[in-house]
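This briefing is meant to be read beside the sequence and the model.

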Amino acid sequence: MIFLTADDDSNTEKKGLEAGAIDAKDTYTNGHSTRVEEYSRKIAGRAGMSREFQNDIYIIGLLHDVGKIGIPDAIINKPTKLTEEEYSVIKKHPVLGAKILENIAEFPNLRTGARWHHERYDGKGYPDGISGKDIPLEARIIAVADAYDAMSSRRSYRDVLPQTKVYEEVKKGKGTQFDPVFAEIMMTMIEEDTDYRMRER
């Protein structure tokens with residue numbers, strides 16, 4: 001798994017199996033991890049990150065939700081609003097994911113996406129409440145990609161949001177929820193996607 005790169009076509013099937021194992025917990029976000037890895041790599045590329053960094057974030061994005069394996073299916077797939085208690089359980093998945101990945105010595109940054117993709121640029125996120133550039137670079141990129149895919153995918157309680165709504169939400173979160181640089185890149189990607197192809201099909 002840790003030797004998979006974005007350019008390794010021979011590992012396409014393996015990558016699909018890994019993403020499927022993660023996404024299988026959530027019947028309403030099938031393919032979510034694959035889309036997040038793709039959006040993250042595109043954002044990194046447009047931000048001028050190295051090819052090596054782009055390949056790394058491709059894998060980090062793939063595994064950002066691995067902690068959901070430890071969350072009960074009944075909570076993840078609940079078709080109605082979560083209770084405060086249920087939401088507190090969901091919020092444990094970043095820490096669970098980081099614990100799963102932290103012992104992979106060959107790829108020490110692998111845990112960054114899992115633990116910190118729900119942090120906010122303004123410090124109001126979780127699990128650690130860190131802010132700004134204290135949030136690892138990979139996690140700041142994945143946070144935008146993850147939120148975008150959540151809005152452009154079907155959920156247990158709603159259909160795919162209109163593209164204009166998604167754009168406005170990313171814009172609203174620029175500098176508060178999201179790193180402003182990466183939010184701006186995501187907004188440009190949305191503007192260029194005139195047929196709204198970047199969404200769950």
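A pocket is here an open set of grid points where a 1.4 Å probe fits, with protein on both sides within 12 Å along at least five of seven lines, and its volume is the space filled by probe spheres set on those points. In this predicted model, the largest pocket holds about 1,000 Å³ of space. The chain around it has ten helices and zero strands, and 51% of its 201 residues count as buried.

**Overall fold**

- Read along the sequence, the elements follow the pattern α-α-α-α-α-α-α-α-α-α, in keeping with the count of ten helices and zero strands.
- Among contacts between residues at least 6 apart in sequence, 63% join residues that are at least 24 apart.
- The chain exposes about 9,900 Å², and carbon and sulfur atoms supply 50% of that area.

**The largest nonpolar core**

- In soluble globular proteins, nonpolar side chains tend to be buried together.
- The largest nonpolar core in this chain has 38 residues, of which Ile43, Leu110, Tyr148 and Met186 touch the most other members.
- The elements giving two or more residues to this core are α2 (32-46), α3 (51-62), α7 (110-116), α8 (137-151), α9 (163-173) and α10 (180-192).
- When residues up to four places away in sequence are not counted, Met186 touches Ile43, Val144, Tyr148, Val170 and Met198.

**The largest pocket**

- The lining of the largest pocket is made up of 35 residues, and those nearest the centre of the pocket are Tyr87, His118, Tyr126, Arg155 and Tyr157.
- Helices α4 (73-76), α5 (84-90) and α8 each supply at least two residues of this lining, and the largest share, five residues, comes from α8.
- By class, the lining has 14 nonpolar, nine polar and twelve charged residues.

**Buried positions in the helices**

- Ile141 has its place in helix α8 and counts as buried because its relative accessibility is 0%, the cut-off for buried being under 20%.
- Leaving out residues up to four places away in sequence, Ile141 touches Ser40, Ile43, Ala44, Phe53, Ile57 and Phe182.
- The C-alpha atoms of Ile141 and Gly113 are separated by 8.9 Å, although the two residues are 28 residues apart along the chain.
- Gly61, which lies in helix α3, also has a relative accessibility of 0% and therefore counts as buried.
- Apart from its neighbours within four places in sequence, Gly61 is in contact with Ser33, Val36, Glu37 and Ile142, while Gly61 and His32, 29 residues apart in sequence, are 10.0 Å apart from C-alpha to C-alpha.
- Trp116 is found in helix α7 and, with a relative accessibility of 14%, it too counts as buried.
- Beyond its neighbours within four places in sequence, Trp116 is in contact with Arg111, Asp128, Ile130, Ile135, Pro136 and Ala139.

**The loop between α7 and α8**

- Pro127 lies in the loop between α7 and α8, and the peptide bond from Tyr126 to Pro127 is cis, with omega near 15°.
- Most residues other than glycine have a negative phi, and most peptide bonds are trans.
- Asp134 and Gly123 are eleven residues apart in sequence, and their C-alpha atoms are 9.5 Å apart in space.

**The segment after α10**

- Tyr196 lies in the segment after α10 and has a positive phi of about 50° although it is not a glycine.
- With a relative accessible area of 12%, Tyr196 is buried, since that value falls under the 20% cut-off.

Notes
Residues are numbered from 1 along each chain as its sequence is written. This is a predicted model: local features need pLDDT of at least 70, side-chain atom pairs count only at pLDDT 80 or more; totals for chains, interfaces and linings use all residues. Side-chain values use heavy atoms; hydrogens and water are left out. Helices (H or I, at least four residues) and strands (E, at least two) are DSSP runs, numbered from the N terminus. Buried means under 20% relative accessible area, exposed over 50%, partly exposed in between (1.4 Å probe, protein chains only). Contact means heavy atoms within 4.5 Å. Accessible areas come from the Shrake-Rupley method with a 1.4 Å probe; for residues, only the protein chains shown count as cover. A nonpolar core is a set of buried Ala, Val, Leu, Ile, Met, Phe, Trp, Tyr and Cys residues joined through side-chain atoms within 4.5 Å. On a 1 Å grid over the protein atoms alone, a cavity is a set of points where a 1.4 Å probe fits but cannot get out, and a pocket is an open set with protein on both sides within 12 Å along at least five of seven lines; lining residues have an atom within 4 Å of a point. Ala, Val, Leu, Ile, Met, Phe, Trp, Tyr, Cys and Pro count as nonpolar, Asp, Glu, Lys and Arg as charged, and the others, Gly among them, as polar.
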